[in-house]
Amino acid sequence: MSNVPEDHVLISKAVSAWYRHYGVSWDDNASSFLCANGCRSPEMLAATLISDFVGIAATRVNATSSYAVH
């Protein structure tokens, strides 16, 4: 049995699916940006990531969080 929490595995699989879908190389900053909570399956999270973050450029933001005001 793995010591990695189940939600971390779910997020990892979904983010990996996003990279495969867009055919882009791994990027630590993009991966940090893409990680999200609240989805119940890797398929649901992958679908959300694919529809909301179109390609690597969508992960490039100036704010440190979605709550930051510019």
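1. Helices are DSSP runs of H or I with at least four residues, strands are runs of E with at least two, and both are numbered from the N terminus. On this basis, Trp18 and Tyr22 both belong to helix H1 (residues 6–22), where they stand four residues apart, about one turn of the helix.

2. The model is predicted: local features need pLDDT of at least 70, side-chain atom pairs count only at pLDDT 80 or more, and totals for chains, interfaces and linings use all residues. Residues are numbered from 1 along each chain as its sequence is written, and side-chain values use heavy atoms, with hydrogens and water left out.

3. The protein chain has three helices and zero strands, in the order α-α-α from the N terminus on. Of the contacts (heavy atoms within 4.5 Å) with a separation of 6 or more, 66% join residues 24 or more positions apart.

4. Of the 70 residues in the protein chain, 24% are buried; buried means under 20% relative accessible area, exposed over 50%, and partly exposed in between (1.4 Å probe, protein chains only). Trp18 is buried, at 0%, whereas Tyr22 is partly exposed, at 24%.

5. Rings of Phe, Tyr and Trp (its six-membered ring) pair if their centres lie within 6.5 Å; planes under 30 degrees apart count as stacked, over 60 as edge-to-face and the rest as tilted. By this rule there are three aromatic pairs. One of them, Trp18 with Tyr22, is tilted, at 5.4 Å centre to centre and 55 degrees between the planes. Trp18 and Tyr22 also belong to one aromatic cluster with Tyr19 and Trp26.
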